[in-house]
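Let's take a walk through this fold, one neighbourhood at a time. Have the model open as you read.

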Amino acid sequence: MPTFEEIARSRDHVVKFIHVATGTEISFPAFVKDFSDNITVNWATEGAYGRTDDIMNYESTKRSITLRFDVVAESLEKAKENMRSYEPLQKMLYPVYSVPLNNSQGNLGPGSTGRTILAPPLIRLQFINYIHNVGTNPDEGLLGCIGGLKFDPQIAKVGTFIDEQNNLIPKT
């Protein structure tokens with residue numbers, strides 16, 4: 001009998017994150033629990049003498065997507081794999097920094113400081129036909145930024161695995 005992951009991956013029902021600066025790609029076969037896609041168009045209104053309606057000047061369009069999903073593991077090995085995928089996802093939410101320079105000599109070495117941001121934490125996100133790039137390359141993923149990430153293991157409902165080092169590894 002196929003696992004949930006095998007079924008999800010065979011149908012490409014995965015949530016895929018691609019870090020723009022490094023090209024790192026992480027995907028999770030996921031039980032989607034909540035999804036919303038809000039698009040807001042902002043207009044500047046200006047009243048004019050003798051006009052019944054305001055003059056409408058376009059300002060911007062903003063999009064906000066909320067995605068909540070569970071990542072499940074049927075075994076300790078799968079749970080460890082999920083955790084190994086989660087850690088790089090956390091790192092994707094930080095900018096990429098330059099290699100530190102040594103302040104006193106202006107070169108690399110021990111005691112180096114003075115790092116600068118090389119790239120912001122931009123992400124391409126893809127989830128079947130719900131989240132994708134509507135431009136020229138729909139397989140590329142929707143470019144944007146993540147406003148927050150919540151790690152919420154279902155310890156009381158589902159439980160955890162305990163690995164060889166006595167670490168708790170969530171089942172969900």
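Is arginine 124 buried or exposed? Keep in mind that this is a predicted model. Arginine 124 turns out to be buried, with a relative accessible area of 18%, and the cut-off for that label is under 20%. The side chain has a partner, too: arginine 124 and glutamate 140 meet in a salt bridge, at 3.6 Å from N to O. This pair ties together distant parts of the chain, since arginine 124 belongs to strand β7 while glutamate 140 sits in the loop between β7 and β8 (142–144), 16 residues apart. Glutamate 140 is partly exposed, at 32% relative accessible area.

Leaving out residues up to four places away in sequence, isoleucine 131 touches Phe35, Ile65, Leu67, Leu125, Gln126 and Leu142.

How many of the five residues of strand β2 are buried? Four of them are, so β2 (residues 25–29) is largely enclosed by the rest of the structure. Glutamate 25, at 48% relative accessibility, is partly exposed, and its side chain meets that of lysine 16 in a salt bridge (4.0 Å, N to O).

Aspartate 12 has a positive phi of about 60 degrees, although it is not a glycine. You'll find aspartate 12 in the loop between α1 (4–10) and β1 (14–19), partly exposed at 45% relative accessible area. Asparagine 166 is another non-glycine residue with a positive phi, here about 70 degrees. The loop between β9 (160–162) and β10 (168–170) holds asparagine 166, which is exposed with a relative accessible area of 61%.

Back to the charges: the structure holds nine salt bridges. One of them joins lysine 80 to glutamate 77, with the closest N and O atoms 3.8 Å apart. Because these two are three residues apart in helix α2, about one helical turn separates them. Lysine 80 is buried at 14% relative accessible area, whereas glutamate 77 is partly exposed at 48%. There's also a network of salt bridges linking Glu5, Arg9, Lys78 and Glu81.

Last stop, the surface. Ile39, Val41, Trp43, Met56 and Tyr58 form a nonpolar patch there, with about 520 Å² of accessible area together. Strands β3 (31–46) and β4 (55–70) each supply at least two of the patch residues, and β3 gives the most, with three. Take valine 41, which lies in β3 and counts as partly exposed at 41% relative accessibility.

Methods:
Residues are numbered from 1 along each chain as its sequence is written. This is a predicted model: local features need pLDDT of at least 70, side-chain atom pairs count only at pLDDT 80 or more; totals for chains, interfaces and linings use all residues. Side-chain values use heavy atoms; hydrogens and water are left out. Helices (H or I, at least four residues) and strands (E, at least two) are DSSP runs, numbered from the N terminus. Buried means under 20% relative accessible area, exposed over 50%, partly exposed in between (1.4 Å probe, protein chains only). Contact means heavy atoms within 4.5 Å. Patches are made of residues with over 30% relative accessible area and no salt bridge: like charges are joined within 9 Å, nonpolar side chains (Val, Leu, Ile, Met, Phe, Trp, Tyr) within 5 Å. Accessible areas come from the Shrake-Rupley method with a 1.4 Å probe; for residues, only the protein chains shown count as cover.
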